[in-house]
Amino acid sequence: MMKRGFLTLGLGLMTSALVGLAHAVEEGDPAPDFSIPSIYADQPAIALADMPGKTVYVDFWASWCAPCLTSLPLYNDLYNKYRDQGLEVVAINVDNPIEDGLDFLLDTPLDFLIPSDPEGDMATQFNVIGMPSSYLIGPDGKVKLVHMGFRPTDMEMIEAAIVANLPD
Amino acid sequence: MKKPASRSLIALSTSALALPGIAEADAPPLTSSLSYKISNYQEDDLSREQVPFGELERYDIDVHQFQFVSPLGRDYALFIDANHENMSGASPWFSTAGSNGQPVINMSGASGIYDSRSEVSLGVRYYGARGNIGGAIGYSEENDYRAKYVSMSGSRNFNNDLTTLTVSLSHSDDSIFPSDAERFNRVRHENKQASSVAVSLSQVLNPVASFQTALSLTGQSGYLSDPYKLQDSRPDGKTQIAFSNSLRYFFIKADGALQSDYRYYRDDFGIRSHTLDLSWFQNVTRSFKIVPMLRYYSQSAADFYTNIDDFLKPLSESQSSDYRLSAFGAVSGGLSFVTDFGGWSATLTAERYVANEKYSAFTVAQPSPGLVQFTRLSLGVNYAF
Amino acid sequence: MRLILSFIMLALLAACSQVQPWERGYLAKQEMAWDSDPLERALNDHIFFSKEASSGGNTAAGGGCGCN
């Protein structure tokens, strides 16, 4: 009885470890392709394929994640600073229900692209292991930076990485 | 400055920056916050049947609590707590048999007791990739009591941050120097120490539920008696164990959450107890919550509890008529209103507590005539900036 | 023994459940925290410590007072 318990425990832990380690998107990897609907019903779908040659900053966020809400206005400033030099910011909202994300956007208008991923399909593809998570994709389609968590002092490092990877 | 992609370094950097999935759980707070809470609680007066002579009025206590929390650099947080409380009233002094043989209480000092307590504590916590560790020191002073304490605790997350193990340790060094010691032949200066260790394990069960189980062990030694009671003599050591289980469950349809906490306690004074705490957090609007609370508590009596002091018994033998060592049950109910606006939040709480031997889950051999009923009102405000 | 068993049960649950990081919106709510109002918790601990014989819980205790 006891033995079987431990066996189950061991197997369970191993399975969860394997799931946890499966194909996390890392620096140097090609970015997973995506095409997902915008959070705004009246706007077209957002696809990585539509941004060839651009530097794309992909961020996963939710309205219940406090550090995410701190980061978004700072990303908005960054976007407006570098958009003319080829920067796109794609902030994927994982709120479910979507209304929670929309409510936040009512008070905090953001200029960049905001797709909605309520079922976490994209989050699964990127194998997001914490909220928020962001991925800097270079013009060559490869991941240049993986950043997990957010504290305001991180902006310096993120801006430097973006500048270093802007299209020529 | 082009950054080469080195796999080993990346693995390290991702893990070093990984926040647990439950945002904020293991990051220092993003903003500073200042909280203040003022509370008043008033114990019901005793009746003439319980107290044939003298004061009927029990304690009336005002409590002020301040807390300041601030991020400190990228990975640390600072906690400063300050409390002050004022109390006035009287407390049971000794217990005798009344004319009908039932125990009656004699209250301390006809003029009543006025006392205040001030406490400060300072804590620092480090937040790492998979957990946090921190410590605090504190100091509390009354005109007849002083406590100095230190505590440390560390948490580590496992299993994609769905499991958290926390270990905490604390030690307190207290001095007791009763007022009017000479006049009433009380002890002049005594000490006591308390050390405790607690281990807790929390587990996310599903997207709307998590569970925590904890075990705490406390050892006390030194002067554990009540110096103000006429005939109070307790052992000079005590070991306590508490086993707690907590559940948090969110009901999506109802837009509310249930908090349920149960604790089983026992010590070698012979006291066992059950505590069940239930709170329902009902979201009414995005910024307004109503929180009804219900608590049930019951304890068995200490082995040496007596409801009529035996003045012939030598003090070398343990005895106490402290109502807190009797067998009883207590029911309390409360209601809180919580509202948020901008960086502000405010909480208004009212609570009623009624202890009675009839509510006891344990056998009551000797009911105490001094059980407490009280009403509490609190107003708390919090400002984040 | 019962303690050990419940710890094992918990470990088993740990192994089985997988709640993804982006699915933790409800868990992140303030009312789902172990300690959703620290001042309220501290006040309650203090009041009940002064009126009842039991103390101790999920964390190690702070300092004493002349109230017990």
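**Exercise 1: Chain B as a whole**

Chain B contains 1 helix and 18 strands, where helices (H or I, at least four residues) and strands (E, at least two) are DSSP runs, numbered from the N terminus. The model is predicted: local features need pLDDT of at least 70, side-chain atom pairs count only at pLDDT 80 or more, and totals for chains, interfaces and linings use all residues. Residues are numbered from 1 along each chain as its sequence is written, while chains are lettered from A and ligands numbered from 1 in the order in which they are written.

Task: state what the C-alpha trace of chain B spans along its principal axes, and what percentage of its residues is buried.

Solution. Step one: the C-alpha trace of chain B spans about 90 × 45 × 35 Å along its principal axes. Step two: of the 385 residues in chain B, 38% are buried. A residue is called buried if 20 or more other C-beta atoms lie within 10 Å of its own, exposed if 12 or fewer, and partly exposed in between, with C-beta atoms placed from the backbone.

**Exercise 2: Strand E10 of chain B**

Task: determine which strands pair with E10(B), and what E10(B) gives to the side of chain B that touches chain C.

Solution. Step one: strand E9 (residues 163-176) of chain B pairs with E10(B) (residues 190-206) in the antiparallel sense, over 14 bridges; two strands pair if DSSP finds at least two bridges between them. Within this pairing, Asp173(B) has Gln193(B) as its bridge partner.

Step two: E10(B) also pairs with strand E11 (residues 209-222) of chain B, again antiparallel and over 14 bridges. Here Lys192(B) stands opposite Gly222(B), and a hairpin with 2 residues between the strands is formed by E10(B) and E11(B).

Step three: the contact involves 71 residues from chain B and 39 residues from chain C, two residues being in contact if their C-beta atoms, placed from the backbone, lie within 7 Å. On the side of chain B that touches chain C, E10(B) gives the most, with 11 residues.

**Exercise 3: Strand E5 of chain A**

Solution. Step one: in E5(A), 5 of 5 residues are buried.

The hairpin of E5(A) and E6(A) has 5 residues between the strands, and in it Gly141(A) takes a positive phi near 80°.

Step three: the largest nonpolar core has 41 residues, and Tyr135(A) is among those with the most contacts inside it. A nonpolar core is a set of buried Ala, Val, Leu, Ile, Met, Phe, Trp, Tyr and Cys residues joined through C-beta atoms within 7 Å. Strand E5 (133-137) of chain A is one of the elements that give two or more residues to this core.

**Exercise 4: Confidence**

Task: report what ipTM and pTM the predictor gives the complex.

Solution. The complex receives an ipTM of 0.87 and a pTM of 0.85 from the predictor.
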